[in-house]
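Please have a look at the sequence and the structure before I start.

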Amino acid sequence: MQLNVIKKSHQVFTQIKENKFRIKKIFFGTKLNDGLVGKLATYTVLLIFGFVFLYPLLYMLSVSFMSSLDLADSTIEWIPSSLYLSNYQLTWRALRLPNAYVTTILVAGSSTLALITSSALIGYGLARFEFPLKKLIFALLLFTYLAPKMLFFIPRYQIFTSLGLSGNMGSLLLPAFLGQGEQAALFILIFYQFFKMIPIALEEAAFLDGAGAFKTFYKIALPMVRPAFIIVGIYAFALYWNETLITSFYLGGNIQTVPMLLNSLEASFSNVVNSTSGIGDPSVNPNLSYTEAIVFSGTILSILPLVIMYLFVQKWFVKSIDQSGITGE
């Protein structure tokens, strides 16, 4: 009798212990983030950060569809009384779209291709070859990355003017081809790190088969650093797309990109309103005034191609980040 009681007590104690472990596993998991509490904390942090980043975009999108009456109505904060599409119609014409899109894609795309080419070549040279003053070159790379770009602004402009490059695409393409484009030092270091992670035995085998340095670079090294091309390409294209100071100064207004036109949106919007017949008098119709709804609609239109581009390439972009951990020798 006593033995049965002991056995039942032991079974109850074991069952309680298993239930406690099961409950603990459900709430806290076996690792830091696989339990219910850990997942709840993770999703809470992600939601907070997601809201911080998405709030300005959602606010701009909401206001851009508001009429002037909605903007003046204190009871309307997020949802407009009706979708007022004229903001986008007038802003589209003021920004000279879609022609300005084509111009901006050509400017940003050609500059990005030039920058990727030079960054890959310089990064490979630094990763695979030993030569005098290599450490000095690294120091200069870091200096150009950390130093304010305004430091080189006037000297570059004087050089471009003397070479006849001011006011044309040469003022953007030449620095990009020579490894001095937008954030070129950062991109060179990215390629350098990727090339350093390639096993040296692969290139040594190519040299034994009679391949030269350039053929080894083209046939062996480049296919193995595709993630670097995706990362650098997306980042560089976004940089050149949004650049206004250098492009407006070096191009001299001869080439107008969408962000450059966005800087003068108020004047161009007024010209569109005054030159368009049949839309009414701006002094009578408040919806023809330059308001924050026009500003936000112009901003949305200026970043729209970048958003679409990222939606298409985000899969490969994330995959490239995951593939960056190549084991080398």
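What you see is a predicted model, in which local features need a pLDDT of at least 70 and side-chain atom pairs count only at pLDDT 80 or more, while totals for chains, interfaces and linings use all residues. Residues are numbered from 1 along each chain as its sequence is written, and side-chain values use heavy atoms, with hydrogens and water left out.

The chain holds 16 helices and 0 strands, where helices (H or I, at least four residues) and strands (E, at least two) are DSSP runs numbered from the N terminus. The chain has 329 residues, and 36% of them count as buried, a word that stands for under 20% relative accessible area, with exposed meaning over 50% and partly exposed in between, using a 1.4 Å probe and protein chains only. If we take the contacts between residues at least 6 apart in sequence, 72% join residues at least 24 apart, and contact here means heavy atoms within 4.5 Å.

Let us now look at how helices pack. Two packed helices are described by the angle between their axes and the distance between the axes; the axes are lines fitted to C-alpha atoms, for helices over the stretch in contact, and the angles run from 0 to 180 degrees between N-to-C directions.

How do helix 5 and helix 8 lie to each other? The axes of helix 5, residues 99–128, and helix 8, residues 170–177, come within 7 Å and cross at roughly 20°, and the two helices are therefore roughly parallel, since angles under 35 degrees count as roughly parallel, over 145 as roughly antiparallel, 65 to 115 as roughly perpendicular and the rest as oblique. On the side of helix 5 the contact includes Val107, Ala114 and Leu115, and on the side of helix 8 it includes Leu172 and Phe177. The residues of this contact divide into 7 nonpolar, 3 polar and no charged, where Ala, Val, Leu, Ile, Met, Phe, Trp, Tyr, Cys and Pro count as nonpolar, Asp, Glu, Lys and Arg as charged, and the others, Gly among them, as polar.

The second pair is helix 6, residues 134–146, with helix 9, residues 184–196, whose axes are 8 Å apart at an angle of about 135°, so that these helices are oblique to each other. Among the residues that meet are Phe138 and Tyr145 in helix 6 and Ile188 and Tyr192 in helix 9, and this contact divides into 9 nonpolar, 1 polar and no charged.

Next comes Phe160, which is found in helix 7, residues 153–163. Is Phe160 buried or exposed? Its relative accessibility is 5%, so Phe160 counts as buried, and, leaving aside neighbours within four places in sequence, Phe160 is in contact with Leu165, Ser166, Ser171, Pro175 and Tyr250.

Finally, the backbone. Most residues other than glycine have a negative phi, and most peptide bonds are trans. The peptide bond from Leu97 to Pro98, however, is cis, with omega near 5°, and Pro98 has its place in the loop between helix 4 and helix 5. Leu133, in the loop between helix 5 and helix 6, has a positive phi near 65° and, at 58% relative accessibility, counts as exposed. Gln183, in the loop between helix 8 and helix 9, has a positive phi near 55° and is partly exposed, with a relative accessible area of 32%.
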